[in-house]
Amino acid sequence: MTECVLHIGVEKTGSTSIQFSLAKSRPKLLARGVLYPEALGERNQIKAYAYASQTGVDELKSPFGLDSPAAVQRFRTAIEQNLAREIAAKKPKVLCVSNEHCSSRLLLVAEIERLAGLLKAHCAGVKVVVYLRRQADALRSAYSTYVKTGGAGPFRSPSGEEIEKKYAYDVILDRWAAVFGDQNIEVRIFDRDHLTDGDVVTDFFTKLGVGIEGMTLEREMNKSLGCQGMEFLRQFNGHVPYTLGADFNAIRGNIQEIVEELPGDTPFDGDAEILEAFDAAMANGNERVRARYLPGMAGPLFPPAAGRSAAAPEVTTGDIVRVMAHVWEAKQKQVIRLRARLEKVGGPK
């Protein structure tokens with residue numbers, strides 16, 4: 001029977017890069033016996049989370065119309081049938097599934113058991129691969145995502161609910177170990193010194209047993225904003241919201257992608273006091289993770305944090321104007337390219 005590698009994140013550990021690489025390398029992976037099933041999603045396999053979840057409709061599940069028990073049952077039946085057909089047709093040696101929301105949103109053992117049942121119907125064994133990142137660094141990266149998706153609030157400490165879902169690694173791993181067993185939980189540290197060739201995509205493909213030769217890889221996906229771009233977009237969000245009702249606000253276009261590419265921006269360090277307190281609060285849980293899942297590891301789960309500046313550099317009016325000039329130039333280039341294409345096909349000038 002097929003073996004399964006189930007990648008569950010955690011969030012902010014390069015999951016987007018891994019998933020884009022898996023999707024773009026799908027035919028080459030299959031040639032080496034690894035199936036990244038389209039039945040669970042083309043890139044990020046959100047359907048794996050949606051299948052197992054027992055909570056109400058959220059922004060990840062809403063596209064699937066899961067607004068009633070009957071709709072949920074139809075969805076789950078379709079997933080089971082489509083996955084079974086794909087596995088039967090492809091006959092892989094390894095089934096690979098990747099969705100970081102599994103670690104942060106499947107909070108009940110019963111939900112994890114449902115996902116386990118789906119996979120174990122076809123697989124002799126399941127190895128759960130999880131990448132862990134220093135929580136303070138993950139918090140900074142999560143704030144960048146928050147701003148890129150419309151957030152306008154200041155950088156702050158996470159709530160207790162956020163900690164339980166995303167940052168209490170001992171609690172998260174213990175839920176998964178309760179279903180799959182400690183021996184099937186493979187913990188990897190999201191740090192260049194611990195990753196194969198210092199890269200999470202290379203590291204994961206190596207764990208799949210296929211290596212990266214001949215694969216189509218994507219790196220540096222979902223990049224974090226710098227200080228100036230962060231402050232510009234945060235304030236911009238207050239004037240041009242990310243959504244209108246339940247729909248994306250098309251007026252925004254691709255502004256967050258443009259701001260990501262701002263040259264020479266200062267890295268965003270967050271608030272040193274908040275980050276140091278967060279590191280301290282997570283220390284005991286991290287030691288439990290090390291002792292239970294990485295007993296051979298010498299020293300703490302994460303290396304000591306590099307020196308943090310006491311305060312973020314001030315973002316001036318001149319800095320904001322520089323970002324606006326960058327955005328304006330990028331948008332005008334898009335307009336010029338579109339105009340040229342229209343003129344080429346005889347459209348309006």
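Leaving aside neighbours within four places in sequence, Thr55 is in contact (heavy atoms within 4.5 Å) with Tyr49, Lys61 and Glu111. The model is predicted: local features need pLDDT of at least 70 and side-chain atom pairs count only at pLDDT 80 or more, while totals for chains, interfaces and linings use all residues. Residues are numbered from 1 along each chain as its sequence is written, and side-chain values use heavy atoms, with hydrogens and water left out. The protein contains 14 helices and 7 strands; these are DSSP runs numbered from the N terminus, helices being H or I of at least four residues and strands E of at least two.

- Thr55 belongs to the loop between helix H3 (46-52) and H4.
- With a relative accessible area of 45%, Thr55 is partly exposed; buried means under 20%, exposed over 50% and partly exposed in between, with a 1.4 Å probe and protein chains only.
- The side chains of Thr55 and Ser53 are joined by a polar contact of 2.9 Å. Such a contact is a pair of N or O atoms within 3.5 Å; within protein, one must be able to donate a hydrogen and the other to accept it, and residues adjacent in sequence count only if both atoms are side-chain atoms.
- Thr55 and Leu217 are 162 residues apart along the chain, and their C-alpha atoms are separated by 34 Å.

**Overall form and surface**

- The C-alpha trace spans about 60 × 60 × 45 Å along its principal axes.
- Of the 349 residues, 46% count as buried.
- Among contacts between residues at least 6 apart in sequence, 77% join residues at least 24 apart.
- The protein exposes about 17100 Å², of which carbon and sulfur atoms supply 54%; accessible areas come from the Shrake-Rupley method with a 1.4 Å probe, and for residues only the protein chains shown count as cover.
- The mean positions of the 45 positive and 44 negative charges lie 7 Å apart. Lys and Arg count as positive and Asp and Glu as negative, whereas His and the chain ends are not counted; the place of a charge is NZ of Lys, CZ of Arg, CG of Asp or CD of Glu.

**Helix H1 and Ser21**

- Ser21 lies in helix H1, which covers residues 15-24, and is buried with a relative accessible area of 0%.
- A polar atom of the Ser21 side chain lies 2.8 Å from the backbone oxygen of Ser17.
- Not counting residues up to four places away in sequence, Ser21 touches Val201, Phe205, Thr216, Leu217 and Glu218.

**Backbone geometry**

- Most residues other than glycine have a negative phi, and most peptide bonds are trans.
- Gly9 and Val10 are joined by a cis peptide bond, with omega about 5°; Val10 is placed in the loop between strand E1 (2-7) and H1.
- Lys91, although not a glycine, has a positive phi of about 50°. This residue sits in the loop between helix H4 (69-90) and strand E3 (94-98) and is exposed, at 68% relative accessible area.
- Asp197 also has a positive phi, near 55°, in a residue other than glycine. The loop between strand E5 (185-189) and helix H10 (200-208) holds Asp197, which is exposed with a relative accessible area of 69%.

- Ala71 is found in helix H4 and is buried, with a relative accessible area of 8%.
- Beyond residues up to four places away in sequence, Ala71 touches Gly65 and Leu66. The C-alpha atoms of Ala71 and Thr243 are separated by 26 Å, the two residues being 172 apart along the chain.
- Val109 lies in helix H6 (residues 109-120) and counts as partly exposed at 34% relative accessibility.
- Apart from residues up to four places away in sequence, Val109 touches Arg175 and Val179. Val109 and Ala177 are 68 residues apart in sequence and 9.7 Å apart in space, C-alpha to C-alpha.
- In helix H11 (residues 227-237), the buried residues are Cys227, Gln228, Gly229, Met230, Phe232, Leu233 and Asn237. Their cover includes helix H7 (135-148), helix H12 (255-260) and helix H14 (317-344).
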